[in-house]
Amino acid sequence: MPDAPGLELIRGEIERDCPGAVLATSYDRNQAALNVDPARVLDVLRWLQEQPGHRYDFLSSLHAADYLPHQPRFAVHYELINRERVERIRVKAMLADPGSEELPEMDSCVELFPTADAQEREVFDFFGIVFRGHPNLTRILMPDDYVGWPQRRDFPVGGEPVTFTYSEERYG
Amino acid sequence: MAEATVDRDREIMTVNIGPHHPATHGVLRLVVDLEGEMVRELRPVIGYVHTGIEKSCEDKSYWKVIPFVERMDYVSYFFQMEAFCGAVERLIDLEIPPRAKYLRTIFLELNRIHSHLVWLGTTALDLGAISMLWYCFRERDKILDLFEMATGQRMHTRYFQVGGVIEDIPVGFEAKCRAFAEEMPVRVGQYEDLLDRNEVFLSRTKGVGIVPRERLLELGVTGPLLRAAGEPWDLRKAFDYLAYPEMDFKIPVGTVGDNYDRYRVRVAEMVESSRIIGQALDALPEGPFIADDRKYVLPPRSELSTSMESLIHHFKLVTEGFRVDPGEVYYSIESPRGELGCFVLADGSAKPARVHYRDPSFVNLQAFREMAVGTYVADMIASLGMLDPILGGVDR
């Protein structure tokens, strides 16, 4: 992990090359995180991946979380590793819910990290976050004809009603 | 009218393998485009055992999540427990006692051997070496006996708790475990004698399924698959957790990255794990096996009839569970298949707001297409075995 001052240094360097992309930093429970503007997330990821001396070039995990009732509601987390310095950093992009039937959108990072392919599909499958530029953004674990985004916090837990047609026809 | 010409020699046939097929090691469906016996394109279809465990966890208090997550990757259940318990301990900033660290290390390494034995037995079975299955499962049963002795269960033990482990090891466990750790390298040598010079096994594994190291890194592949390609990346060495910094062990790496290297790396890991178990037993510290923080850890049973305080704590923990201040933690460990990460988001209540597992099988499966395209169907089955996906972990 970069420590808290190290994280601020990284933020300062990113600020020089991509001004305004990093909104905030947090250093909580020994974990360093950059809170990034969702529209600029690719700039930051590319910087972290390619910048000499940093090279956070291994994406170990991409996942999302729903922070309801906080706004902005969704966040996509990128857990990056710098294998030379053996350090982790988290890039976090907070996404607002556009409301009604619309889905939140952001850029796909499959071009930078091919490993994100299946993980972005998983995020789309469970949270309905659309990744622009993803080669094949379809449901991955849920059935193709499933309706709804089951990992959202307002998606109810519980069974779906099953109609037992035989019993209904017979007993009404 | 133009006559349709069909070139019978270059006809592509799409074949569906699975989801219920003994060679797919679980409920995995493969849609394969074949030209004769050559695999030209391959698409794994997953999700057949998706049971919504991550969603169900959001409806359980923290300590009730533990048996749930064990059932994701059902071959490496101790690792699933450690990932979750470790993440929660980091959330609440709870230090676990040294004895608990060592006990966890011992059980994780036993579980790693167990997982590799299941892999070796079933993969060798796919390649026609049926007797390997019985030899591997003989040793696997000894590990399950050890689990049963210490935890009462052979699988899905719920042994790790937030703060330590639920019970100390019983009398006689240490001797039995030490005997196993001494026996295991001998057994591994016997497996090698059976397989290393077996012509059929060698021709099915050597030079098959090679994916370059750089490509594996791009695809996020971790664990023995990556190490077989020559990248010495092991989270046990890279990051400081449990008793691993105090252990003396090597990280086996391969050179070519073919299926034979994958086999060699895992077999060598079994020997290294036995060494870790032996060292951890030698250095096992005395003292408590679970943290003494009554806000998070159940009080000892004996105190309940004498201490009102303990009774109240017990009641609060069992009914509501403990509350965790808002925050989020990603904690990852080296499972038998690679980086197993657990992300826990706490919202201040007694239930997690999000539990996510970064399952190594799920990510590693992305490399399967490149391992198998351009090889024979039979080699594809061998490569799938060497990939070692656990579909319960893939689908969660």
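Predicted model: local features only at pLDDT ≥ 70, side-chain atom pairs only at ≥ 80, totals over all residues.
Before I start, one convention on helix packing: an axis here is a line fitted to C-alpha atoms, for helices over the stretch in contact, and angles run from 0 to 180 degrees between N-to-C directions.

On the α6(B) side the contact includes Glu174(B), Cys177(B), Arg178(B), Ala181(B) and Met184(B), and continues with Pro185(B), Val188(B), Tyr191(B) and Glu192(B); on the α11(B) side they meet Val267(B), Met270(B), Val271(B), Ser274(B), Ile277(B), Gly278(B) and Leu281(B). Sorted by class, the residues of this contact between α6(B) and α11(B) are eleven nonpolar, two polar and three charged.

Helix α11(B) has another partner that I would like you to look at, namely α15(B), and the two pack at an angle of about 30 degrees with their axes 10 Å apart. That angle makes α11(B) roughly parallel to α15(B), and the crossing of these two helices is left-handed. Here Asn259(B), Arg262(B) and Tyr263(B) of α11(B) make the contact with Ala382(B), Ser383(B) and Met386(B) of α15(B), which by class gives three nonpolar, two polar and one charged residues.

How many of the eleven residues of helix α15(B) are buried? The count is nine, so this helix, residues 377-387 of chain B, is largely enclosed by the rest of the structure. The buried residues are Asp379(B), Met380(B), Ile381(B), Ala382(B), Ser383(B), Leu384(B), Gly385(B), Met386(B) and Leu387(B). Just after α15(B) comes Asp388(B), which takes a positive phi of about 60 degrees.

Met38(B) is found in strand β3 of chain B, residues 38-45, and it touches Gly374(B) and Tyr376(B), not counting residues up to four places away in sequence. Is Met38(B) buried, exposed or partly exposed? With 15 other C-beta atoms within 10 Å, Met38(B) is partly exposed.

Of the contacts in chain B with a separation of 6 or more, 69% are between residues 24 or more positions apart. The C-alpha trace spans about 95 × 55 × 35 Å along its principal axes. For 396 residues a compact globule would have a radius of gyration near 21 Å, and the 23 Å of chain B agrees with that.

Finally, the neighbouring chain: 31 residues of chain B are in contact with 25 residues of chain A. Elements that each supply at least two residues to this side of chain B include the helices α1 (53-57), α3 (77-92), α8 (213-218) and α13 (360-364), along with the strands β6 (327-335), β7 (338-346) and β8 (352-358). The residues on the side of chain B that touches chain A divide into twelve nonpolar, nine polar and ten charged.

Conventions:
Residues numbered from 1 in each chain as written. Chains lettered and ligands numbered in written order. Contact = placed C-beta atoms within 7 Å. Helix = DSSP H or I, 4+ residues; strand = E, 2+ residues; numbered from the N terminus. Nonpolar A, V, L, I, M, F, W, Y, C, P; charged D, E, K, R; others polar. Rg over C-alpha atoms; globule rule 2.2 N^0.38 Å. Buried ≥ 20, exposed ≤ 12 C-beta atoms within 10 Å, placed from the backbone. Parallel < 35°, antiparallel > 145°, perpendicular 65-115°, else oblique. Left-handed = near helix turned anticlockwise from the far one by under 90°.
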